[in-house]
Amino acid sequence: MADQNQSESEESHFQITILEFLEKLPEQLTNRLYRKPTSCLAVFSGDRENFELLNDMHYNSTEETEEIDDYANEKWESVLHFMVGTSEKKDHPNKSVLQLLRKSGLVTNSNGENQISSKGFQFLLQDICSQIWIILLQYLNMQEDGESDIVSVLGLFFQLGSLEFGRKYRVQNMTDLENRVFKDLTELGFIYKLKDGSHSFIPTRLVSILTGASNTSIRATIAMLNSRNNSKNNQNILSNSTQYSEVDVKDSGFIILETNYRLYAYTDSILQISIMSLFTQMVYRFPNMVVGSITRDSIRRALSKGINADQIVTYLTMHAHPQVREKVPPVPITVSDQIRLWELEKNRINPTLSFLYHEFNRQQDFDTVHKYALQLDVVLWVDEKRRTIVIKAEGHEPVKEFVKRRMSSKSSNSSIGNTSTANHK
Amino acid sequence: MSNKRPGSPKEEFKVRIKIKDGVYKESLKSKNSEQNSSINLPNHPISTVDPRKNVSTPDSSGNSNEIEPISDPVLAAQQDVKAGLVPRSARLEFFKDDDSYDILAMPRRDPVSGKFGKGDYTYLKLKKDHSSRPLWICPGSANIILEAFSPIAEQAIDFLIAISEPVSRPINLHEYKLTPYSLYAAVSVGLETKDILDVLNRLSKVPIPDDVVKAIKQCTVSYGKVKQVLKHNRYFVESSHADILQRLLRDPIISSSRLIEPSDKNSTSKTNDSSGLVKFSAPTSKELFIAGKHINSIETPSELKTDQLTEESKISNEHKAIDIQIEAEMDAADEDNEDEEVHAFEILPTQIEVVKKRCNELDFPMLEEYDFRNDTINPNLNIDLKPITTIRPYQEKSLSKMFGNGRARSGIIVLPCGAGKTLVGITAACTIKKSVLCLCTSSVSVMQWKQQFLQWSTIKEHQIAVFTSDQKERFSGDAGIVISTFSMVANTRKRSYEAQKMMDFLHSREWGFLLLDEVHVVPANMFRRVVTSIAAHTKLGLTATLVREDDKIDDLNFLIGPKLYEANWIDLALKGHIATVQCAEVWCDMTPEFYREYLRETSRRRLLLYVMNPRKFQICQYLIWFHQNRGDKIIVFVDNVYALKAYAQKLKLPYIYGGTSQQERMRILHQFQHNPMLNTIFLSKVGDTSIDLPEATCLIQVSSHYGSRRQEAQRLGRILRAKRRADIGFNAYFYSLVSKDTLEMFYSTKRQQFLVDQGYSFKVITHLDAMDDFEDLIYKDKQSQIDLLHTVLMANDNASTLEDEDMMREDSNVKNEVSGRSKIVIKKQGATIQSLSGADNMAYMEYSDGIASRSKLAGLSSRKGVGSAGMSMNKPSSSNEERHPLFKKQFNTKK
C-alpha cells in the first residue's frame with residue numbers, strides 16, 4: 001500500500017489509495033458505483049460532511065494516545081483472537097462482526113463451534129495492513145448482500161479516512177445506515193468513542209491505514225499493533241535491550257524450527273502462541289519463549305481445519321528468528337517437506353462419482369449386466385460373489401436403461417444405490 | 001532407602017506396598033528421620049522400588065523388591081542383598097509426574113495456558129539480564145533448554161554434558177535432561193552439589209525451580225561421597241566425610257566385612273582417629289600426565305583462582321564473568337579437595353562385592369577409583385603412545401574426565417563411530433600402564449584392536465595376546481595385553497582344555513584396566529558375568545550410542561560406571577573429525593501385486609514382501625549405479641539373509657553374512673578396499689559394528705532390524721570415518737529404503753529418532769526422477785515382478801525371520817567347545833543357523849514353558865554331534881532354539 005514518494009502531495013496519496021482500493025473492490029460493486037455518477041461524485045468530492053472537527057485540541061500526549069491505541073488494539077485483537085479460538089466469551093466481538101467473519105468465510109461453524117477456516121488462516125498470515133483491507137472489503141461485500149446503499153458506506157469510509165488521528169470530531173446528520181456502519185467500525189477499533197455522552201469521537205490509528213495517509217503514519221500504526229502483541233506481559237523484555245536474542249524479536253521473527261521438529265518461539269504474544277498451536281503440539285512455555293513439537297497429528301489437525309501445508313510453511317518462514325533467517329530456507333527443508341508429505345497423505349483418495357448396483361436376484365442377471373457394462377467399459381469395481389457392481393457415472397444411464405429393460409422383460413429386481421467410491425492411487 | 005521420593009512437595013509421601021495378591025496399596029508415611037532412614041534399615045522395611053524397573057533381579061527373587069513389611073531385620077536385609085546391584089534412588093523415577101503438581105491449583109492466566117498443560121511455566125520470573133544467560137530450566141521434568149548460539153554456549157555445553165543427559169542437539173537449541181544417573185556421573189567426576197547449583201543458576205535465565213534444586217540435592221547428597229579405592233592391593237572405602245563412614249560402619253554387613261588390623265602400622269596412614277578410620281591426604285592430579293596430552297601451564301591452586309575470579313566478575317561485565325566462572329568451577333571441581341584429608345577403612349578383598357551391594361542399598365553407591373600410580377603390587381606395563389600419535393581435543397577432554405584427580409575412574413565414554421574410540425582406549429591404557437584386558441564383540445574387531453595397539457603405542461607384539469576360538473595365546477612377561485571377545489569370556493559352559501586354561505589365567509590375575517568395546521551391544525547378563533568374574537581395577541566402556549531398546553542401559557551405569565563424556569556428533573562433523581553425512585529416506589512404492597499380498601499375509605511374511613518389493617530392487621540398483629559413477633564405494637545393508645542373497649545375486653555383487661567363512665570375508669573386504677572394479681558389497685547384520693571400512697562413502701540400507709535406533713546409528717557410523725572426509729565439500733550418503741504404506745515406514749521413523757536428536761536430518765525422497773530413464777533397470781516388466789512375487793511367496797517361512805547374526809561366527813565357535821548344558825548365549829545365536837538350514841518351524845512357541853524347555857534339551861543333544869571341525873557353515877539342525885524375534889526378548893529376559 002501507498003508506496004509513493006513522500007514528496008507527493010497529501011492529495012495524491014489519497015487519490016491513489018482510493019484507486020487501489022477501488023481496484024480491489026468486486027466488479028459488480030464498482031459497476032454499481034460507476035452507474036451512478038452523481039453518487040460517485042458525491043463519494044469523492046465529499047460534499048456531505050458527517051464529521052465536524054470539534055476543536056483544535058490535539059491528543060498528542062502519550063497517556064492520551066496510549067489509551068486510544070490500547071482501545072484500537074484491543075478491539076482489533078479481539079477479532080483475531082476470536083478467529084483462533086482463544087477469546088473468552090465476554091471478549092467475543094459483537095454480532096455484526098461475528099456475522100462479518102462468518103459470511104466472509106474466515107470462520108466456519110462446525111457443530112456450533114466457531115472454527116478458523118483455511119481462508120481465515122491465510123488471513124492471519126497477512127500483515128496488518130492487508131488484514132484491514134480484507135476486512136473492509138468483506139464488510140462492503142456484506143453490505144451489498146444486505147441491499148444497503150453501498151455508495152454511502154464507501155463514502156463514509158473515505159470521509160473517515162480523511163480524518164486526522166488524535167483529533168476530536170463530532171458526528172452529525174447521519175442516516176440510519178451510516179449510523180450502523182459507524183457503530184461497526186467502532187466495534188472493529190477504527191473509532192474511539194468518547195465516554196462523555198456527547199456524540200464526539202476520535203479516530204484511531206487504524207484509520208490511517210484506510211487511506212494510506214502517509215508511510216510514516218502507517219508504520220506507526222503497524223508498530224503500535226506489533227509492539228502491543230509482544231510487550232503486554234513483559235515490559236522488561238523491551239526495556240532491556242541486549243546483544244543477541246530477544247532484541248529484534250518485536251519487529252522481526254521469533255521462530256526457530258529445528259530439524260528434530262522442535263519449534264522454539266521467542267514470543268509471549270497470546271495471539272501468536274494460539275496461531276502456532278493450530279499446527280503445533282505445545283510443550284513448555286516460559287515467560288519469553290514457548291516450546292512445541294510439530295508432529296504428524298498436530299499437522300493433521302491443522303489440515304483437517306482446512307489450513308494447508310504451504311500456509312504453515314509460509315507462516316514459519318515469515319516469522320523465522322533472526323538467528324535462522326540468514327539460512328536459506330529458514331525452515332529446515334526436511335521439516336517443510338515432511339509437512340507437505342503429511343498433507344499429501346490426505347490426498348491419496350481419488351473420488352470418482354459412480355453408482356452401486358447390488359442385490360441382483362440371480363447370478364444370470366448379474367452376469368448379463370456385468371457383461372454389458374464391460375462392453376461399455378464403465379465398470380469401476382465388481383464383486384461377483386456378492387453380485388455387486390460399481391458403474392462409473394458416465395455409464396450409469398445406459399446401464400440403468402439396460403437393467404430396466406431386462407426388469408420389464410423378466411421380473412428381476414435389482415436395486416440401484418448411489419455412491420461415490422474411492423480409488424487407491 | 002529410597003522412600004524419599006524426589007520432588008515431593010509435602011512432608012508426607014506415599015509408599016507403595018505390594019500385597020500378596022499383587023494389588024498395590026497406597027499408604028502414607030510421615031517423613032521422619034530422613035537422614036537416618038538410609039542407615040537404620042530395619043526400622044523402615046518398606047521399599048518403594050518400582051517393580052517395573054527391577055531388572056537386575058533374577059527371576060527367582062523377582063518379588064524381593066516389593067517387600068511386605070517384615071519384622072525380622074535380618075530377613076529384610078537378606079532380601080535387599082538379592083536386589084541390590086544398584087543404588088536405590090537410581091531406580092526411581094526422577095520426578096513424580098502427578099503428585100507434586102496440582103494443575104487445578106494453578107491460576108489459569110490466559111486463554112493459551114491450557115494448551116501447555118503442566119508445561120506452562122510463565123510464573124517463573126525471568127532474571128533481569130536473562131538475555132545474556134543461555135538456558136531455561138523446566139520445573140517438573142528437569143529439562144534444560146539451551147541456546148546453542150549464545151556466546152557462552154560452549155562452556156555451558158561442557159557443563160551440561162557433565163551433569164545431564166543430552167536429549168537433542170540440533171543446531172540452534174539443545175535440550176538436556178537431569179536424571180539421577182547423570183547427576184551420579186556429575187558427582188563421580190568431582191562436581192559437588194554446590195558447584196552444580198551455582199553454575200546452573202548462573203547460566204539460567206530463570207531461577208532454578210525449587211523442585212529441581214531439591215532433586216539435585218537429593219541425588220547428589222549421597223552419591224559420590226564414598227569411594228572404593230584399591231591401594232597397595234588393599235581395598236579401602238574412602239570418603240572425605242568421616243561421618244558417612246561412621247554411618248556405614250554401623251551397618252552390620254559392612255562392619256563385618258571390615259578388615260581390622262589391630263596393629264595398623266602401615267606407613268601411608270597418618271593417624272588413626274577414635275573410630276579407627278585411617279586418614280590419607282586427598283588425591284591430586286599433580287604429576288599425572290595423560291599420555292598424548294598437550295602439557296598445560298602449571299595450574300594455580302584452584303581456591304585462589306576462584307576467589308580472584310569472583311572479584312573480577314564484579315568489575316568486568318557479567319557476561320564474561322559467567323564465562324570464566326564456569327570454566328573455573330569446572331576445572332576446580334576436580335581439585336576442590338586438594339588440601340583436605342580423606343578418611344578410609346579397609347575391607348576384606350573377598351567381601352568387596354558384598355560391601356558394594358550394601359552401599360548401593362544404603363544409597364551411598366561407591367565410586368571405583370584406582371590409584372594406579374601407587375599400585376606397586378601389579379607390575380607395570382611398558383607402554384606409551386608413539387611420539388607421532390596425537391589425540392584430538394575431545395579425546396583429551398574425555399580422558400581428563402577419567403583421570404581427573406590423578407586416579408583412574410571407571411566409566412563410559414560415548415563417542416560417535418569413527419571419532420577415534422579406539423585411540424581413547426589405547427591412550428587410557430598408556431596412562432595406567434598396567435595389564436590390560438580388552439574385550440570386543442567379534443574376532444574381526446579383536447584383530448583390529450591388536451593392530452591399532454601396535455599402530456599407536458610402543459607396545460611390542462609379544463606383549464599382546466589374543467584369545468579367540470582360533471588363537472589362545474599368552475603374553476610373555478608379567479604384564480601385557482589380552483584381547484578377547486565378550487562371548488569367549490562370558491561363556492560359562494565347559495570349554496576345551498586350552499580355553500579353560502586361558503580362562504583360569506584371566507581369572508587368576510588382577511587387571512589394571514578392563515577395556516570394554518561397544519558396551520551397548522552386549523546382553524546385560526553376559527556383561528554382568530564378565531564384569532564380576534574379572535578382577536579389574538578400572539573399567540572403561542566405549543560406545544557410540546548409549547541407547548538400547550530394552551532399557552538395560554541403566555545397568556551399565558552401575559556395572560561399569562557413570563558416563564564420563566558424550567560427544568556431539570554434529571559438532572565433530574562440523575570440525576571435520578567425522579564425515580558430514582547426507583541422510584535420505586527413500587520411499588519405494590509397493591507394486592500393486594506385492595501390496596495385495598502384503599495386506600493378506602501374516603506379519604511375519606509381510607517383512608519379506610516389503611523387503612523384496614521390486615521397486616526397492618530398482619531403486620537400490622539405481623542408487624548403486626548412480627554412486628558408482630560418482631566414484632563412491634558403497635555398502636548395502638540387508639538384514640534379512642534371504643533378501644541379502646536375492647539382492648546380491650540379482651545384482652551380481654559379493655555379500656557377507658554370518659555364514660560367510662573368515663577367509664571369504666577377508667577376501668571380499670580386501671577386494672572392496674583395493675580393487676577399483678569392486679565398489680559395492682552387500683552386508684548383513686554382521687557388518688553393523690566393528691567392520692572398519694574407511695573407503696566406504698555411501699551406504700544403502702535395504703532392510704533393518706525393526707525400530708532399532710542403535711542399529712541405525714551404528715550403520716551410519718560405518719561411513720563416518722570415510723577416508724575422504726577432510727576433503728572440502730565432501731559428503732557421505734546414507735540412504736534408507738522404505739517400502740511405502742508398510743510397517744517399515746513406522747519403524748523407519750522410530751529408528752531415525754536417535755540421529756534426528758543428534759541433529760541429523762533425513763530428507764524424504766518420494767521419487768527418483770532420473771530413474772525412469774535408466775535403461776538396465778531390473779524387474780521392469782510386470783511379468784518379472786510377478787515372478788519375483790511367486791518366488792517370495794514360495795520362500796520358506798523362515799526366510800522372513802530377521803536373523804540375529806551378530807557375533808554368530810564367534811559364538812558358533814564357542815559353541816563348538818560346548819559339551820554341556822545350554823545357556824542363553826546359544827539360544828540367541830542358534831536361531832540364525834537353524835533358520836538358514838530351514839529345518840524348523842516355530843509352532844513350539846505356543847507350548848507351555850515346560851514343554852519348550854524339554855524340547856530345548858532334546859535339541860541340544862542333537863547339537864552335541866556337531867564337531868569342532870564345522871565352523872560357521874556347519875549348522876546344527878535343532879529346531880527348538882528357533883524364536884520369533886518378537887518373542888526372543890521375552891524369552892531372554894525370563895531366563
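This is a predicted model: local features need pLDDT of at least 70, side-chain atom pairs count only at pLDDT 80 or more; totals for chains, interfaces and linings use all residues.

Student: What makes a residue count as buried, and how many qualify?

Tutor: A residue is buried if 20 or more other C-beta atoms lie within 10 Å of its own. By that test, 50% of the 895 residues of chain B are buried. In chain A, buried residues make up 37% of 425.

Student: Why is helix H2 of chain B called mostly covered?

Tutor: Helix H2 of chain B runs over residues 153-163, and eight of its 11 residues are buried. Among them are Gln155(B), Phe159(B), Leu160(B) and Ile163(B). With eight of 11 passing the test, H2(B) is described as mostly covered.

Student: What makes H19(B) roughly parallel to H26(B)?

Tutor: Helix H19 (residues 592-600) and helix H26 (residues 782-794) of chain B pack at an angle of about 25°, with their axes 9 Å apart. Angles under 35 degrees count as roughly parallel, so H19(B) is roughly parallel to H26(B). On the H19(B) side, Glu593(B), Phe594(B) and Glu597(B) make the contact, and on the H26(B) side Gln785(B), Ile786(B), Leu789(B) and Leu793(B) do. This contact has four nonpolar, one polar and two charged residues.

Student: How is chain B divided into domains?

Tutor: Chain B has domain 1 (124-222), domain 2 (229-260 + 341-365), domain 3 (380-573) and domain 4 (579-800). The C-alpha centres of domain 1 and domain 3 of chain B lie 31 Å apart.

Student: How do you know that domain 1 and domain 3 of chain B touch?

Tutor: Two residues are in contact if their C-beta atoms lie within 7 Å. The contact takes nine residues from domain 1 of chain B and 13 residues from domain 3 of chain B. H3(B) gives the most to the domain 1 side, with four residues. That side divides into six nonpolar, two polar and one charged residue.

Student: What does each chain give to the contact of chain A with chain B?

Tutor: Chain A gives 36 residues and chain B gives 32. The elements giving two or more residues on the chain A side include strand S8 (262-265), helix H13 (270-276) and helix H17 (333-346). H17(A) gives the most, with five residues. The chain A side has 16 nonpolar, 14 polar and six charged residues.

Student: What share of contacts joins residues at least 24 apart in chain B?

Tutor: Among chain B contacts between residues at least 6 apart in sequence, that share is 78%.

Technical notes: Residues are numbered from 1 along each chain as its sequence is written. Chains are lettered from A and ligands numbered from 1 in the order in which they are written. A residue is buried if 20 or more other C-beta atoms lie within 10 Å of its own, exposed if 12 or fewer, and partly exposed in between; C-beta atoms are placed from the backbone. Domain bounds come from an automatic or database domain assignment. Ala, Val, Leu, Ile, Met, Phe, Trp, Tyr, Cys and Pro count as nonpolar, Asp, Glu, Lys and Arg as charged, and the others, Gly among them, as polar. Axes are lines fitted to C-alpha atoms, for helices over the stretch in contact, and angles run from 0 to 180 degrees between N-to-C directions. Angles under 35 degrees count as roughly parallel, over 145 as roughly antiparallel, 65 to 115 as roughly perpendicular and the rest as oblique.
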